[in-house]
Amino acid sequence: MEVVIVPDAKAGGALIAGAMADLLRRTPDALLGVATGSTPLPVYEALAAQVRSGSVDTSRARIAQLDEYVGLPAGHPESYRSVLRREVLEPLGIGMDAFMGPDGTTEDVQAACEAYDRALTEAGGVDLQLLGIGTDGHIGFNEPCSSLVSRTRIKTLTEQTRVDNARFFDDIDQVPHHVITQGIGTILEARHLVLLATGEGKADAVAATVEGPVAAVCPASALQLHPHATVVVDEAAASKLKFADYFRRTYVNKPDWQGI
């Protein structure tokens, strides 16, 4: 696992967007796995700026969804499909025909989970998966004690998660109780995993992910098992890393051609 410590969220977004742009130059039809939430927004903004400047072509790029609410119509403004259309697809000039996501509206949710897992494989797999992390170490909606070999499946939201997400709805009663999420085993099949974490509130989770044992209690620690995992953190999120100075020296002395 490579740990890159950056000054702030904007710098982290630029670094990851640069890696995505390099990937698209090598593989124009790359499948990019994307996440929702506020943390990855600087990545999407920086990549969109490159698209506008003409430095990268996204016309053949494909986008894969990490998770989705169960029961919200696809056109609902807070379905993650709609959020990603606003925050990723439209700014990058990518059409919905290049988008992959699970069907959260079907009555047979289990079949939808299996179908999405299978579709990712049939598409050739995710080339780069962008991840955020919860304060409890969750990735996607894989909460603590999720199986480290889990596949795409339905999960029940904790009441705290529903309370946290209620700000996007008129009231908490409108927040779904269930989601479909790629499992940890599914996530680990991406060729490159990039986790972005910013803010002091993520410091404990980052330390457990990077320097703690691989354990289901911290789902993100499974990234230690991946052959190409990059953790990008700002100074606040890196504040509890024991080996922060080592990570800084390693990155400063890394060959420029190697990227992240």
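# A guided tour from the pocket to the core

Begin by selecting β4 (67-69), α3, β6 and α5 (159-165), each of which supplies at least two residues of the lining of the largest pocket. Helices here are DSSP runs of H or I with at least four residues, strands are runs of E with at least two, and both are numbered from the N terminus. What you see is a predicted model, in which local features need pLDDT of at least 70 and side-chain atom pairs count only at pLDDT 80 or more, while totals for chains, interfaces and linings use all residues. Residues are numbered from 1 along each chain as its sequence is written, and side-chain values use heavy atoms, with hydrogens and water left out.

**The pocket**

About 950 Å³ of space lies in the largest pocket, a volume that is the space filled by probe spheres set on grid points joined across faces, edges and corners. Now select T36, G37, H138, N165 and R167, which are the closest to the pocket's centre of the 37 residues that line the largest pocket. A pocket is found on a 1 Å grid over the protein atoms alone, as an open set of points where a 1.4 Å probe fits, with protein on both sides within 12 Å along at least five of seven lines, and its lining residues have an atom within 4 Å of a point.

**The aromatic rings**

Next, select Y69, Y80, F141 and F169, which ring pairs link into a cluster. Rings of Phe, Tyr and Trp (its six-membered ring) pair if their centres lie within 6.5 Å, and planes under 30 degrees apart count as stacked, over 60 as edge-to-face and the rest as tilted. By this rule the model has 4 aromatic pairs. One of them is the stacked pair of Y80 and F141, at 6.4 Å centre to centre with 15 degrees between the planes. Y80 lies in helix α3 (residues 80-92) and F141 in the loop between β6 and β7, so this pair ties together parts that are 61 residues apart in sequence. Y80 and F141 are both buried, where buried means under 20% relative accessible area, exposed means over 50% and partly exposed lies in between (1.4 Å probe, protein chains only).

**The salt bridges**

Side chains of opposite charge can pair when their charged atoms come close. A salt bridge is counted when a side-chain nitrogen of Lys or Arg is within 4 Å of a carboxyl oxygen of Asp or Glu, and by this rule there are 10 salt bridges.

Select K254 and E2, whose closest N and O atoms are 2.6 Å apart in a salt bridge. Because K254 lies in the segment after α8 and E2 in strand β1, the pair ties together parts that are 252 residues apart in sequence. Are K254 and E2 buried or exposed? Both K254 and E2 are buried.

Move on to R151 and D117, another salt bridge, with the closest N and O atoms 2.6 Å apart. R151 lies in the loop between β6 (128-131) and β7 (153-156) and D117 in helix α4 (residues 109-122), so parts that are 34 residues apart in sequence are tied together. R151 is partly exposed at 31% relative accessibility, whereas D117 is buried at 12%.

**The nonpolar core**

Finally, select V3, L195, V233 and L241, which have the most contacts inside the largest nonpolar core, a set of 32 residues. Such a core consists of buried Ala, Val, Leu, Ile, Met, Phe, Trp, Tyr and Cys residues joined through side-chain atoms within 4.5 Å. Which element gives the largest share of this core? The largest share, 4 residues, comes from α7.

In helix α7 (residues 203-211), A203, A205, V206, A207, T209 and V210 are buried, and the buried residues of α7 pack against β1 (2-6), β9 (192-197), β10 (229-234) and α8 (244-252). Contact in this tour means heavy atoms within 4.5 Å. Leaving aside residues up to four places away in sequence, V233 touches V3, V4, I5, V6, A197, V206 and A238. End at V6, which lies in strand β1 and is buried with a relative accessible area of 7%; V6 and A238 are 232 residues apart in sequence, yet 9.1 Å apart in space, C-alpha to C-alpha.
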